[in-house]
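Hi,

Here's the structure I said I'd pass on. Have a look first, then read my notes below.

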Amino acid sequence: SLIPDSLYAETSNDNAPIELGMKFFSSVNGYITHIRFYKYVYLGNFTVSLWDVATKTRISTAQVMNSTIGWNTVELPNPVAINANTLYMASYYSATGDYYQKIKYFDSTRTSGYLTAPAGTATEPNGTYRYGSTGFPDQPKNNSIFYVDVVFTTCLAKDIIAPQVSGKLPLRNAENVPVNQPIKAYFSENMAPTTVNNQSFY
């Protein structure tokens, strides 16, 4: 995890559904197993998501209902394998518009163990949001932290889960896709290259 449990924050309500995110990367390959977020009201259900920042693709998502006030740790359907030095985003969707924030927290880079949340810049802000329906949050807000975090591990206790495709590009039913656009698939765990080839997909 990147965020100290005791970090002081301010409560906010924008009176509109909002998705709130934090960008991060790991210095080593590993897995995201959970997403945590801080909730200060009982009302509403919340959805957490993990994103590939480069493609703005949602890799995994989970919903939590009737969660408690304080930190909520939400298990993803399957652990998600992430690559070293690749930018990802953890987010949560607040249908009521309630959230915690600390302005300018990401004016500085924050590192804890293998994980780093980079400082926000004019071209790559950190601490971003989106109003309306759930989706990739890309609007800057003073490099604020919104108290969304991840649980990271370098290895799983015992691999008893078969790999699954957790995301793909182009999306299903996508239109006007260039014929030369690369086809991408995201897996729930690291794959041996020899096991993935042009016969793996149809």
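Let's start with Lys141: its relative accessible area is 21%, so it's partly exposed (buried means under 20% relative accessible area, exposed over 50%, partly exposed in between, with a 1.4 Å probe and protein chains only). Asp14 is partly exposed too, at 24%. These two form a salt bridge, with the closest N and O atoms 3.9 Å apart (that's a side-chain nitrogen of Lys or Arg within 4 Å of a carboxyl oxygen of Asp or Glu).

Before you go on: this is a predicted model, where local features need pLDDT of at least 70 and side-chain atom pairs count only at pLDDT 80 or more, while totals for chains, interfaces and linings use all residues. Residues are numbered from 1 along each chain as its sequence is written, and side-chain values use heavy atoms, leaving out hydrogens and water.

How many salt bridges are there in the whole structure? A search finds 4. In one of them, Asp149 meets Arg36 at 3.1 Å, N to O. Asp149 lies in strand S13 and Arg36 in strand S3, so this pair ties together parts 113 residues apart in sequence (strands are DSSP runs of E, at least two residues, numbered from the N terminus). Asp149 is buried at 0%, and Arg36 is buried at 8%.

S3 and S13 also pair in the antiparallel sense over 6 bridges (two strands pair if DSSP finds at least two bridges between them). Ile35, for example, has Val150 in S13 as its bridge partner. Both strands belong to an open sheet of 3 strands, in the order S6-S3-S13.

Cheers

Definitions and conventions: Helix = DSSP H or I, 4+ residues; strand = E, 2+ residues; numbered from the N terminus.
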